[in-house]
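The sequence and structure come first.

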Amino acid sequence: MKRRIFLKGTLAGSAVAAAVGAGLLTPSQVLAAWPKDAFEATSVDDALSKLLGAADTTESGDIEIKAPEIAENGAVVPVTINAKMDGIESITIVAAANNTPLTSTFNLSSNTNGLIGTRIKMGKSSDVVAIVKAGGKLYKASRQVKVTIGGCGG
């Protein structure tokens with residue numbers, strides 16, 4: 001079974017590479033669904049409204065953010081979001097003090113658990129905010145992360 005999946009993946013990757021090489025598929029077509037305006041937004045509310053259509057969120061105790069209190073390197077801050085609610089559609093992570101605060105967004109299928117683990121980039125100390133879209137509503141939780149500069153605090 002694993003061999004069959006490997007072969008299918010190899011064939012699919014080869015087909016995409018051949019299409020790109022022949023000029024039939026361009027990177028702009030592949031990334032057409034990428035929400036460029038949301039990732040370039042300079043405020044949290046603007047990013048959320050461009051990405052999710054609204055910025056109104058409700059605080060929720062069902063969202064757990066696991067992140068270090070003090071991050072020694074702002075370039076790679078590990079963050080884990082665990083949303084314990086039903087009907088999760090997406091999970092979005094925002095670093096509030098970044099010049100462009102939207103760091104990542106994950107669209108989930110209906111049968112997926114709301115558990116996301118990633119690394120984000122933080123320019124300076126701020127709140128890391130998780131926004132979970134579930135049942136058509138937006139819920140949020142936040143956690144303060146202090147980014148040290150040269151190990152001296154920032």
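## Terms and model

A residue counts as buried when its relative accessible area is under 20%, and as exposed when that area is over 50%. The model is predicted.

## Chain overview

The chain contains four helices and nine strands. Read from the N terminus, the order of elements is α-α-α-α-β-β-β-β-β-β-β-β-β.

Buried residues make up 31% of the 154 residues in the chain. The chain exposes about 9600 Å², and carbon and sulfur atoms supply 53% of that area. Of the contacts between residues at least 6 apart in sequence, 58% join residues at least 24 apart.

## Helix α4

Helix α4 spans residues 44-52, and its residues A47, L48 and L52 are buried. Viewed down the axis of α4, the buried residues fall within an arc of 95°, so they line one face of the helix.

After α4 comes G53, which has a positive phi, near 85°.

## Residue S90

With a relative accessible area of 3%, S90 counts as buried because the cut-off is under 20%.

Apart from neighbours within four places in sequence, S90 is in contact with F106, N107 and L108, with I131, V132 and K133, and with L52. L52 is also one of the buried residues of α4.

Methods
Residues are numbered from 1 along each chain as its sequence is written. This is a predicted model: local features need pLDDT of at least 70, side-chain atom pairs count only at pLDDT 80 or more; totals for chains, interfaces and linings use all residues. Side-chain values use heavy atoms; hydrogens and water are left out. Buried means under 20% relative accessible area, exposed over 50%, partly exposed in between (1.4 Å probe, protein chains only). Helices (H or I, at least four residues) and strands (E, at least two) are DSSP runs, numbered from the N terminus. The arc is that of the directions from the helix axis to the C-beta atoms. Contact means heavy atoms within 4.5 Å. Accessible areas come from the Shrake-Rupley method with a 1.4 Å probe; for residues, only the protein chains shown count as cover.
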